[in-house]
Amino acid sequence: MKYLTEKNNKYLYGYPNWKYKAFFVLVFGFIAILITGFIGLNFGTISIQPQKILSILWHHNTNDSLGIIIWELRIPRLIMAMLAGMTLAGVGGAFQGILRNPLADPYILGVSAGAALGACTGIALQFITGKYLTNILPIFALIGSFISMFLVYFFSKNKSHLPMTDLLLAGVAVNFFFSALITLLLAVSNRELHSMIFWLMGDLSNSSWQKISIIFLPVFAGSFLLIFSSLELNAMALGEEEALHLGIQTEKLRLRIFVIGSVMIAIVVSFTGLIGFVGLVIPHIARLIVGPDHRIMLPVSALIGAIFLILCDTIARTVLAPTEIPIGAITAIIGAPLFIHLLKRRNENNEY
Amino acid sequence: MNYKNKTNKEKNKVIFTCFMFVFVLFIIANITGTAQDNLFPITLIDDSGFKIVINEKPERIISAAPSNTEIIYTLNLEDKLVGRSDFCNYPDETKDIESIGKMSPLNLEKIISLNPDLVLSYGGFQLKDIPRLRDLGINVLVIRSDTIQEMIQGIGLIAHACGIPEKGEELISQINERINWISFQVMASSRQKPKVFVGSNFDSIWSPGNGTLFHELITLAGGENILGNQQGWVSISPELVAEREPDIILVPTGIMNPEEISKIKKDIMSHPGWSNIPAIKNNQIFAVNEDLFYRAGPRLVDGLELLYEIFNRKK
Amino acid sequence: MNTKEPTITLKDISFSYEKTPLLQDINLSVFSGEFIGIIGPNGSGKTTLLKLISGVLEPQRGKILIFNKDITNIPRKKLAKIISVVPQESHVAYNYKAKEVVFMGRIPHITQWQGETLLDYQISQNAMKKTDSLCHAEKGIHQISGGEMQRIYIARALAQTPKILMLDEFASHLDLNYKYEMIKILRNTLQEDVKCIISVFHDLNLASFCADRLILLNKGKVEISGTPQEVINNNNLRKVYRSHAHIIQHPELAIPQVIM
């Protein structure tokens, strides 16, 4: 009864007005991204002074080589990192919600293995035919990812149902199978090995404004659609039956989240290669900060993912300059210990 | 009075003749000058099938591969070289040129900051970075070099792109002369071709088969590659080597000091299962500078001549 | 208000899972104002029956009518506004706060666009107040014990403002005093918006205490349906439960109680 007296009328007895919270979070997140992006701009093989960077940004200067480096190399790369981070973390959060499994990551439903096989096949063909195929490698990757997605859907479908465990199992099986094919391809390749491994570990070095224009719309449209399903994802956390009792059409919801998320991931991965751990770890961090309500957690996850990947990309470009480390290695090196730390925290707090 | 007029007239004539002379010289100089500049703009198709338009003679060149760097030096274009890859180590002067990092992936920031007029790539892993450079307005020439002929064509391509086609022709004909001499000797010779195996001083044996530069050089120099029936670089088992019984074993290495060479020889001699191979029984194991055989530059001919000498050594 | 038209009707319902028949030829009606108890031994199909009525499972044969409309014609979201279910056991995947879990009961009434209103918060809070779980409102659901959890689930079901309330063993972890409180609260809802309550019981005495009418299931069929006095007698106990327990009369109320 004492609890009743501590209240703010506007928010009514401690219930959050999530719209205000979300707005504040989005504004704060946007500013954070801008700041992180600017920090990232300061790093690279060639050192450019912050004042010079600001002047290049302000005057949109692309005349001299410094201006080209900023506008044509660093900025597209940072934007690509932001978009990839948003997608991976956002879809990761959505998948963890729909599958009720905190170990789910965006690749769990088979998208990544197909994209990887497609890209590696493209690289192998490039050396066999001698034709120069780098510009259409994303298409190979996209086709590959659609094939694996379709296989996962096909194997887990049971009449008109799409049961949860079957989805997970089919995803695991398809991932294993395609990974085996990729290993085979790697084993018989010789000169292409280097390119393939670089692709498999994530590679943002080829970012360009043209690529950004292609993935910009699907990423934002998909993100909105996912966030729109937040209430339903909340209900799913209670359990399959409970969600049904709350009026959620769980089959359709699963299909919707699966398709939207996988398409977003397929498109991004086709251009960036496989970047791991972001989709797995960042949603947990978001949950720690703002709680599991998907209406706030998904946007926050996307924002943190964007910032995280911008920072990782900056590290990848700078630490061993002029050599570049694949960004997947950085996310794994940072992500794995972070994940273990989160795990221990959960155990200490006696959470599941 | 008349005398004065006559002298004035003659003076004028002289002045006029001088003037005409200078004028003609001026025109001749300009014609020959523009004869040089008339080479540009020039349109070329490089080894990736890409059409390039070079508007002016390149003054700042970056070489992204050791083979291209060596060609630049052989063509005496080294004063225009402003950047080179980490692996470009010949000749010694290259260490004074700024490095652009590893060969793959290309460090675009570094390349752009050096403001090049022309970038020379070898293709391969660099192909994926080249469209970005071209989009940013930088001329990139891809020089493929999987065969000696391609290397020679590469020399011609670079020479044309840099506005010195005659120097290119000159270098090419020198190279062809040396190669033709060896071919002729090999053809004229009646001795049996020695069986050659290219080994390595590492555990896993990758050896060149048909389609590689090394194989081509061996064949040209009058040897028979025991892996001639395989394609490309192959990983082979030691048993195969024992079975094929090569007469000569070549071991390419990057370190050419005496200790390394004798260590290599010892390792090969003591390789298990090879004691019956003619090359080992007759001590025909040779450590060779790998740069002469892996790098598709003018030193390939040096390598060819070295092989010819090895194959024709009096036992 | 008792009307002649039943709130819920089941006509010739048969359900089997894979090839095993679980329920056969079920016919029953529930009228407005009734508290129905479903009892029977393990495996008799009690929970299955509940799932059929709440729309989670689809019968192979037969029809289910809710307010005289075929349940298959009612869209799921609309059904959720009418029927709410308190599960026997449930595991929440993520550590939502207790008040958030209760608030999810409002989801059928909220559209994503408009979002929730003050009224929704008030309803949630009232539901928590009724079940005496307000003090746990800010706790994470994973830190809450079984008994508190059950009250929170009941609160959630109440927050859903249903016309039909269904429960599966709602009292198994509750302390004695809470058992009584919950029954009182449930009965009170019958005076308000809830038209009828259906609950599955393992505890025959509780069933006898709560329900106006009992439905005894035996191997997937309705053995008998009637008042506790009619249903809980030695014959039925022996036949269905194969038990020789004693039946006594409750000292204050006119209901049968079973003792070992």
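Reply: Two residues are in contact if their C-beta atoms, placed from the backbone, lie within 7 Å. The model is a predicted one, in which local features need pLDDT of at least 70 and side-chain atom pairs count only at pLDDT 80 or more, while totals for chains, interfaces and linings use all residues. Residues are numbered from 1 along each chain as its sequence is written, and chains are lettered from A and ligands numbered from 1 in the order in which they are written.

No contact joins chain B and chain C; their closest C-alpha atoms are 43 Å apart. Of the 2 pairs of chains that touch, chains A and C have the most contacts.

The contact between chains A and C takes 27 residues from chain A and 36 residues from chain C. On the side of chain A that touches chain C, the elements that give two or more residues are helix H10 (230-238) and helix H11 (240-245) of chain A. Here a helix is a DSSP run of H or I with at least four residues, numbered from the N terminus. H10(A) gives the most to this side, with 5 residues. By class, the side of chain A that touches chain C has 13 nonpolar, 7 polar and 7 charged residues. Ala, Val, Leu, Ile, Met, Phe, Trp, Tyr, Cys and Pro count as nonpolar, Asp, Glu, Lys and Arg as charged, and the others, Gly among them, as polar.
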